[in-house]
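Welcome, and thanks for opening this briefing. Take a moment with the structure below, and then we can walk through it topic by topic.

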Amino acid sequence: MRSYNFETAPNRIGQHTYKWKEAEKDSQVLPAWIADMDFEVLPEIQQTVHDYADQLVYGYTYASEELINAVLAWERDEHGYTFDQAALVFIEGVVPAISTAIQAFTKEGDAVLINTPVYPPFARSVKLNNRRLITNSLIEQDGLFQIDFEQLEQDIVDNEVKIYVLCNPHNPGGRVWEEEVLEKIGRLCQKYGVLVVSDEIHQDLTLFGHKHQSFNTVSPDFKDFSLILASATKTFNIAGTKNSYAVIENPSLRQKFQKRQLANNQHEISGLGFLATEAAYRYGKAWLTELKAVLEENIDFVVNYFAKEAPRLRVMKPQGTYLVWLDFSDYGLTDDQLFHLLREEAKVVLNRGSDFGQEGKGHARLNTAAPKTMIKEICRRIAEVLPK
């Protein structure tokens, strides 16, 4: 018996919710794309928002000792990562933090490397800051993404890469990189003087017995050339409150990052973001445990359903996150044909795979963080419109 409600979805129509925008125009549409959840938030977070409203003044705020201690305790207890509070830098989002790092530690024309397919703002952040985008293609083996380390080293050397933006756990593949993989990445970057910016926003959402390992816990000397980016927002469905944090243990790197952050006027954080993050980390463990069980059930359903009803559709079962990478390439459809089929005939909105890199052609990303009744209907609709 569950203590929290994961069976019914809150009404999000009419709330200017980006995920449900198309459904406001067409009531038949079911969205399963943008990465937020159609579950009610933790009750303590809801209460925190009510209490915030009762303050009557919504002015500038600073990070309280209670918040800082909550973050330190969460990282220690959940991920075995202990660091001094001086290393903790709050910023409004992980993506802004990536851009800030690119600006702080490279100059225009410098090379920044990412593994593709990957979350689209990685490439966007590199390009819009006029840096050279270097893409290192992940390879699929036994239903999982793997890194081609020979190619990775060549890409780093040939392009004189300055920053490697790592995604761990990986989005869209749901890959939870093992310690030995992170060790190899770290030693390569150490050898060639590459700064690692590790996006670990999905760190709490590891599934099926997999465990997240922060890049900085692999080896103490990795802390000298890394920035760890994390947040409660993805885990607890509070992205709209706008708060994340960087852990930068190297004081010189931290000073440069904060100088750039100040130049961008990114040093002020939403008061609601501070409060929601504290509530999430102080009270959210039991809720998260139930959420992960629900996500595992939903993902298993997706894998088993498509294996039976649409066997030509290849499903990459994630080790973490609530995002599932779907490979439609066996159907021989162009991307435009595929997404017309999904959107206009199935009335389902998924993320277009090609947005994650050229490797994503013929693919889509499915969000499973919704009540199972909704996931079942989405899967039924997809299977029904696919060619037999």
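One aromatic cluster is made up of Phe6, Phe39, Trp74, Phe90, Phe236, Tyr245, Phe274, Tyr281 and Trp287. Please keep in mind that this is a predicted model. The protein is divided into domain 1 (30-43 + 285-385) and domain 2 (59-282).

**The two domains**

- Between the C-alpha centres of domain 1 and domain 2 there is a distance of 25 Å.
- Where the two domains touch, domain 1 supplies 29 residues and domain 2 supplies 33 residues.

**The nonpolar cores**

- The largest nonpolar core has 104 residues, and those touching the most other members are Ile185, Phe236, Phe306, Phe328 and Leu350.
- Helix H11 gives this core its largest share, 10 residues.
- Leaving aside residues up to four places away in sequence, Ile185 touches Ile147, Phe149, Tyr164, Leu166 and Phe215.
- Another core, of 26 residues, lies apart from the largest one, and among its members are Val94, Ala101, Phe122 and Ile163.

**Aromatic pairs**

- Searching the whole structure turns up 19 aromatic pairs.
- One of these is the edge-to-face pair of Tyr119 and Phe122, with 6.2 Å from centre to centre and 80° between the planes.
- Tyr119 counts as partly exposed because its relative accessibility is 27%, whereas Phe122, at 1% relative accessibility, counts as buried.
- Trp325 and Phe356 also form an edge-to-face pair, at 5.4 Å centre to centre with 70° between the planes.
- Which parts of the chain does the pair of Trp325 and Phe356 tie together? Trp325 is in strand S12 (residues 323-327) and Phe356 is in the loop between strand S14 (351-352) and S15, so the pair links parts that are 31 residues apart in sequence.
- Trp325 is buried, with a relative accessible area of 4%, and Phe356 is buried too, with a relative accessible area of 3%.

**A look at Thr100**

- Thr100 sits in helix H4 (residues 94-105).
- Is Thr100 buried or exposed? Its relative accessibility is 0%, so Thr100 counts as buried.
- The Thr100 side chain reaches the backbone oxygen of Pro96 at 2.8 Å.
- The side chains of Thr100 and Gln266 are joined by a polar contact of 2.5 Å.
- With residues up to four places away in sequence left out, Thr100 touches Ile91, Phe257, Arg260, Gln261, Asn264 and Gln266.

**Helix H13**

- Helix H13 (residues 372-385) has 14 residues, and from its first C-alpha to its last it reaches 20 Å, close to the 20 Å expected at 1.5 Å a residue.
- Which residues of H13 are buried? They are Met374, Ile375, Ile378, Cys379, Arg381, Ile382, Ala383 and Val385.
- The cover over these buried residues includes two helices, H11 (285-309) and H12 (335-345).
- Strands also take part in covering the buried residues of H13, including S1 (30-31), S13 (348-349) and S15 (363-367).

Definitions and conventions:
Residues are numbered from 1 along each chain as its sequence is written. Side-chain values use heavy atoms; hydrogens and water are left out. Helices (H or I, at least four residues) and strands (E, at least two) are DSSP runs, numbered from the N terminus. The expected span of a helix is 1.5 Å times one less than its number of residues. Buried means under 20% relative accessible area, exposed over 50%, partly exposed in between (1.4 Å probe, protein chains only). Contact means heavy atoms within 4.5 Å. A polar contact is a pair of N or O atoms within 3.5 Å; within protein, one must be able to donate a hydrogen and the other to accept it, and residues adjacent in sequence count only if both atoms are side-chain atoms. A nonpolar core is a set of buried Ala, Val, Leu, Ile, Met, Phe, Trp, Tyr and Cys residues joined through side-chain atoms within 4.5 Å. Rings of Phe, Tyr and Trp (its six-membered ring) pair if their centres lie within 6.5 Å; planes under 30 degrees apart count as stacked, over 60 as edge-to-face and the rest as tilted. Domain bounds come from an automatic or database domain assignment.
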